[in-house]
Amino acid sequence: HHFSLLTLPKGSTLEAAAKSLLSHPEILSAEPNYKLAHTYIPSDSDYSKQWYLKNLNLPETWDLPKGKAVIKTAVIDGGIQVSHFDLKGQITKPFNVITRKKTLLPNDHGTHIAGVIAAVQDNEGTSGIAPSSKIIPVNVFREDEADIYDVAEGIYYAIDAGADIINLSLTTDAY
């Protein structure tokens, strides 16, 4: 294959030049010489252990413009360690369905799920899939058990709190 880099005279438009070039049957393609940049790779210390981020093509996704909207994901689970360094600034409107209070007891599973979603990219720990999002933690567990009613209450709370996404990492044998 042969390809060439052309410099256009001042005042030329890329569209007109491409149209002119493509009128010749020997020219198969004409396009601008786009500028490229390295894909964003977080410098968080445990990023290399997070194989799923590369499998989901997140480094390329993180390069895209983020816009102004902040996505809020409700994690309806056990409590979340709201003071965890990977979640600093990511927590909003926490609620404990069981105690009816805003305080949560730390729970490994809930904290892990919140980190997978929204861990900040700050040179330490892990990187979240959506590090510019916010987490609405909703505890529905009494120790290791939850029930459907409390989960439903948690879903209603999440909706009222403005959740855009609701994450339920729960299972049951019941219909």
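These are my notebook entries from looking through this structure, which is a predicted model.

**Entry 1: overall layout**

I started with the inventory and counted five helices and four strands in the chain. Reading along the sequence, I wrote the pattern down as α-α-α-β-β-α-β-α-β.

Next I looked up the dimensions. The C-alpha trace spans about 75 × 35 × 35 Å along its principal axes. The accessible surface comes to about 12,300 Å², and carbon and sulfur atoms account for 57% of that.

One more overall number went on the page. Taking contacts between residues at least 6 apart in sequence, I found that 70% join residues at least 24 apart.

**Entry 2: the sheet**

In what order do the strands of the open sheet stand? I read the order as β2-β3-β1-β4, four strands with parallel pairing. The edge positions go to β2 and β4; each has a single partner strand, so one side of each has no neighbour in the sheet.

I then followed β1 to its partners. With β3 it pairs in the parallel sense over six bridges, and with β4, residues 165-168, it pairs in the parallel sense over four bridges. Some pairs to find on screen: Thr 73 has Ile 135 of β3 as its bridge partner, Val 75 stands opposite Asn 167 in β4, and Ile 76 stands opposite Leu 168 in β4.

How much of β1 is covered? Five of the six residues in β1 are buried, so I can call the strand mostly covered.

**Entry 3: Thr 73**

I stopped at Thr 73, which sits in strand β1. Buried or exposed? Its relative accessibility is 4%, and because the cut-off for buried is under 20%, Thr 73 counts as buried. Setting aside neighbours within four places in sequence, I listed its contacts as Ile 117, Lys 134, Ile 135, Ile 136, Ile 165 and Asn 167.

**Entry 4: the nonpolar cores**

The largest nonpolar core holds 11 residues, including Ala 74, Ile 76, Phe 95, Val 97, Ile 136 and Val 138. Which elements supply at least two residues each to this core? My answer is β1 (72-77), β3 (134-139) and α5 (148-160).

Ala 163 belongs to this core too. Not counting residues up to four places away in sequence, I see Ala 163 touching Lys 72, Ala 74, Ile 136 and Ala 158.

Apart from this core lies another, of eight residues; Ile 80, Ile 113, Ala 114 and Ala 118 are among them.

**Entry 5: helix α4**

Helix α4 covers residues 108-118, and I marked Gly 110, Thr 111, Ile 113, Ala 114, Gly 115, Ile 117 and Ala 118 as buried. A reminder to myself about spacing: an α-helix has 3.6 residues a turn, so residues three or four places apart point the same way. What covers the buried residues of α4? The cover includes β1, β3 and β4.

I also checked the N-terminal end of α4. Asn 107 caps it, with a side-chain oxygen 2.9 Å from the backbone nitrogen of His 109.

**Entry 6: loop residues**

Lys 93 has phi near 50 degrees and lies in the loop between β1 and β2 (95-96). With a relative accessible area of 43%, Lys 93 is partly exposed. Glu 143 has phi near 55 degrees and lies in the loop between β3 and α5. Why do I call Glu 143 exposed? Its relative accessibility is 75%, and the label exposed applies over 50%.

Last, I visited Ser 29, in the loop between α1 (14-22) and α2 (51-55). Ser 29 counts as exposed at 53% relative accessibility.

Methods. Residues numbered from 1 in each chain as written. Predicted model: local features only at pLDDT ≥ 70, side-chain atom pairs only at ≥ 80, totals over all residues. Heavy atoms only, no water. Core = buried A, V, L, I, M, F, W, Y, C linked by side-chain atoms within 4.5 Å. Buried < 20%, exposed > 50% of the residue type's maximum accessible area, 1.4 Å probe, protein only. Contact = heavy atoms within 4.5 Å. Pairing = 2+ DSSP bridges. Areas by Shrake-Rupley, 256 points an atom, 1.4 Å probe, with all protein chains shown as cover. Polar contact = N/O pair within 3.5 Å; in protein donor to acceptor, adjacent residues only side chain to side chain.
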